[in-house]
Amino acid sequence: MIAYGKRALGEKSRRALALGAQAPYYKSEWMSCGQDPWLSPTIFMVEQPPGSQLPTHFHRQNEFQVVIRGSGSIGTHAVAPISVHYAGAYTGYGPVTAGEDGLTYFTIRPVFDTGAVLASEARTQMIRGPKRQAYARPYAIQSRQAQDSARSEVLISPEADGLYCGVESMPGGGQFQTECHLQSGGTFYLVLDGELDVAGEKLARWESAFLSAGEPSITLHAGDAGATVLVMRSPATDAAYLPTREGASHVATR
């Protein structure tokens, strides 16, 4: 499976959310592939207003969050562009606090999630299983004029179950080969700068592609001005959190 996250969808779906803040939050879907409980890659952008705070919570699916504008914190960790946070399924994190200039970030999941579960509801909604988080230090996007050769930078070191985050920087006409990691939950490629061609689909800044774990390796091509690409490989859903044969989630265990 190859899926794409496009600006046109994000702009069309952008809407205000009433979450009790004086100023509204905004949410926009950039990649939407249904709600299949096994594979349904999803990317949406959250624009959190200055000074606002999302309480500590967890989700039922593995996720990355990528800060692209503003400043703030996730728990005790300060975040700014480009910060990456990984949280495994049923792993609590937060609060997510926006600074004086607000906080804008992508939430990225290989499987659709039904929504946050607040820490106050955790006793009845939590499932026993592994809990996991990882933070990457902020990455400063390099000027494309300075990209005279391809470079790779590791932000979250690769692990046996597939978890990985890194940056691929390419000069104009550069390319790199995707990796097929069958034990993972699939890999996202987010364009931080420039233009990227993925299987004939041209992606501009903040647009993205997802390749499922079984997808054969392909060559990604930078545009004439080069490309800087954030690579995020998610682990597969842990066995403790897999859906039942009927497609429903496990019953919560106190």
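**Figure 1. Arg-14 and its salt bridge to Glu-47 in the predicted model.** Arg-14 has a relative accessible area of 43% and is partly exposed. The side chain of Arg-14 meets that of Glu-47 in a salt bridge, with an N to O distance of 2.8 Å. Arg-14 belongs to the loop between helix H1 and strand S2 (15-17), whereas Glu-47 belongs to strand S4; the pair therefore ties together parts that are 33 residues apart in sequence. Glu-47 is buried, because its relative accessible area of 17% falls under the 20% limit.

**Figure 2. The salt bridge between Glu-159 and Arg-132.** The closest N and O atoms of these two residues are 2.5 Å apart. Distant parts of the chain are linked by this pair: Glu-159 lies in the loop between strand S13 (151-156) and strand S14 (164-170), and Arg-132 in the loop between helix H2 (122-125) and S12, 27 residues apart. Both partners are partly exposed, Glu-159 at 41% relative accessibility and Arg-132 with a relative accessible area of 22%.

**Figure 3. Glu-201, Lys-6 and the network that includes Glu-207.** Glu-201 and Lys-6 form a salt bridge in which the closest N and O atoms are 3.3 Å apart. Glu-201 is part of strand S17 (residues 201-203), and Lys-6 sits in the loop between strand S1 (2-5) and helix H1 (7-13), so the contact ties together parts that are 195 residues apart in sequence. The relative accessible area is 28% for Glu-201, which is partly exposed, and 23% for Lys-6, which is also partly exposed. Through shared partners, salt bridges join Lys-6, Glu-201 and Glu-207 into one network. The structure has eleven salt bridges in total.

**Figure 4. Strand S10 and its pairing partners.** Eleven of the 14 residues of S10 are buried, and the strand is therefore largely enclosed by the rest of the structure. Phe-44 has Thr-107 of S10 as its bridge partner, Val-67 stands opposite Tyr-105, and Leu-54 stands opposite Val-96.

**Figure 5. The largest pocket and its lining.** The volume of the largest pocket is about 620 Å³. Its lining consists of 32 residues, of which Lys-27, Phe-44, Val-46, His-59 and Ala-116 lie nearest the centre. Two or more lining residues are given by each of strands S3 (25-32), S4 (42-48), S5 (53-54), S7 (63-74) and S10 (96-109). S3 provides the largest share, five residues. The lining comprises 16 nonpolar, eleven polar and five charged residues.

**Figure 6. The largest cavity and its lining.** The structure holds one cavity of 30 Å³ or more, and the volume of the largest cavity is about 60 Å³. Residues that line this cavity include Cys-180, His-181, Tyr-189, Leu-211 and Glu-215. Strand S16 (residues 184-198) gives the largest share of the lining, three residues. By class, the lining has four nonpolar, five polar and two charged residues.

Figure 7. S12 runs antiparallel to strand S9 (residues 83-87), to which four bridges join it. Within this pairing, Ala-87 stands opposite Gln-133.

Note on methods:
Residues numbered from 1 in each chain as written. Predicted model: local features only at pLDDT ≥ 70, side-chain atom pairs only at ≥ 80, totals over all residues. Heavy atoms only, no water. Pairing = 2+ DSSP bridges. 1 Å grid on protein atoms, 1.4 Å probe; cavity = no way out; pocket = protein on both sides within 12 Å on 5 of 7 lines; lining within 4 Å. Points joined across faces, edges and corners; volume = space filled by probe spheres on them. Nonpolar A, V, L, I, M, F, W, Y, C, P; charged D, E, K, R; others polar. Buried < 20%, exposed > 50% of the residue type's maximum accessible area, 1.4 Å probe, protein only. Salt bridge = Lys/Arg side-chain N within 4 Å of Asp/Glu carboxyl O.
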